[in-house]
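Work through the exercises below with the sequence and the model open. Each task is followed by a solution in steps.

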Amino acid sequence: MQFRVSPNTLGDSSAEQWQARVDLAAAHRLAFMHGFNEGIFNHLTFVVPGRSGRYYQIPFGMHWSEVTASSFMEVGIDDGEVKRGEGEVERSCYCIHAPIHKALPQAKAVFHTHMPYASALTRLEDPRIKEIGQTEVGMSGKIAEGARLAGVIGDKTVLFMANHGISTVGESIADAYDRLYYIERAAQVQIYAMWTGQPLKKLPDAVVEKTKRDISGAYLYKGPTPAQRHFAALKRILDRREPDYAS
């Protein structure tokens, strides 16, 4: 199911820009639904298609549960000024997201959250996701650990920010949200396993390597990637429950 590209009040917005707004609004609503947000902080941003040097950001003070496609400001990556829309730029968002958008070509979407389970791991001396199951293995190798942001991420797609939270990046909103979803699931299962007090059982190296090769299964399917299919399915839930987000 493809989401409609609605007539909108933004005048000269292209169909691609409007669809990006719809998808980014969906990501905010879904993140609230999944318990990924913390108050009015944390940030999900995406570069504005066809407008170099800008990214979408919600006005400071807006809750993720009320974000709609028309809510976003366009913020300058170089100066942090509002180029389009109305509202105040939350400064930590600009300080975290703008350098990543600017430095990393794969970081069209940058999602930063204080998700409870993954954030709990960042408080540990050893915050790594352990290779104790399929989901965990699927995320390993994609994670950078540290606090120097763009320089630390490099070619990775998930950043564990020490004593802080998590950031994911992606070429698309679907990619970044899929990583956000599964890193929190992996962290949740690992913490549950740690609560038992028993030693964690790491998968054999041969199984880990095979799982890393096969985990996405993208080569098995034609058309949309697994991440795109996952995000589309989540949007269908929103379309039934909260269709106003696409306005």
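**Exercise 1: a helix and its bend**

Helix α2 (residues 91–103) has 13 residues and spans 18 Å from its first C-alpha to its last, close to the 18 Å expected at 1.5 Å a residue. The model is a predicted one.

Task: find where α2 is kinked, list its buried residues, and name the elements that these pack against.

Solution. 
- Step 1. Look along the helix axis: α2 has a kink of about 25° at H97. The proline P99 follows shortly after H97.
- Step 2. Apply the cut-off for burial, under 20% relative accessible area. In α2, this picks out C93, Y94, I96, H97, A98, I100 and H101.
- Step 3. Look at what surrounds them. The buried residues of α2 pack against the strands β1 (43–47), β2 (54–57), β3 (73–76), β5 (109–113) and β8 (166–170), and against the helix α5 (150–153).

**Exercise 2: cysteines**

Solution. 
- Step 1. A disulfide needs two cysteine sulfur atoms within 2.5 Å.
- Step 2. The cysteine sulfur closest to that of C93 belongs to C95, and because the distance is 9.2 Å, it is too far for a bond.
- Step 3. C93 has 1% relative accessibility, so it counts as buried.

**Exercise 3: a serine in a loop**

Task: place S172 in the fold and find which residues it touches.

Solution. 
- Step 1. S172 sits in the loop that joins β8 to α6 (173–195).
- Step 2. Leaving out residues up to four places away in sequence, S172 touches F46 and A109.
- Step 3. Q106 is 66 residues from S172 in sequence, yet their C-alpha atoms are 8.7 Å apart.
- Step 4. A polar atom of the S172 side chain lies 3.0 Å from the backbone nitrogen of D175.

**Exercise 4: the nonpolar cores**

Task: which element gives the most residues to the largest nonpolar core, and what does F231 contact?

Solution. 
- Step 1. The largest nonpolar core has 46 residues, and F231 is one of those with the most contacts inside it, as are L24, F111, I129, F160, Y177 and I183.
- Step 2. At least two residues each come from α1 (15–33), β1, β5, α3 (116–122), β7 (158–160), α6 and α8 (226–241).
- Step 3. Helix α6 gives the most, with 10 residues.
- Step 4. Beyond its neighbours within four places in sequence, F231 contacts D23, A26, A27, L30, I173, A174 and Y177.
- Step 5. Another core, of 11 residues, lies apart from this one; among them are V110, A144, I153 and M161.

Methods
Residues are numbered from 1 along each chain as its sequence is written. This is a predicted model: local features need pLDDT of at least 70, side-chain atom pairs count only at pLDDT 80 or more; totals for chains, interfaces and linings use all residues. Side-chain values use heavy atoms; hydrogens and water are left out. Buried means under 20% relative accessible area, exposed over 50%, partly exposed in between (1.4 Å probe, protein chains only). Helices (H or I, at least four residues) and strands (E, at least two) are DSSP runs, numbered from the N terminus. The expected span of a helix is 1.5 Å times one less than its number of residues. The bend at a residue is the angle between axes fitted to the seven residues ending there and the seven starting there. Contact means heavy atoms within 4.5 Å. A polar contact is a pair of N or O atoms within 3.5 Å; within protein, one must be able to donate a hydrogen and the other to accept it, and residues adjacent in sequence count only if both atoms are side-chain atoms. A nonpolar core is a set of buried Ala, Val, Leu, Ile, Met, Phe, Trp, Tyr and Cys residues joined through side-chain atoms within 4.5 Å.
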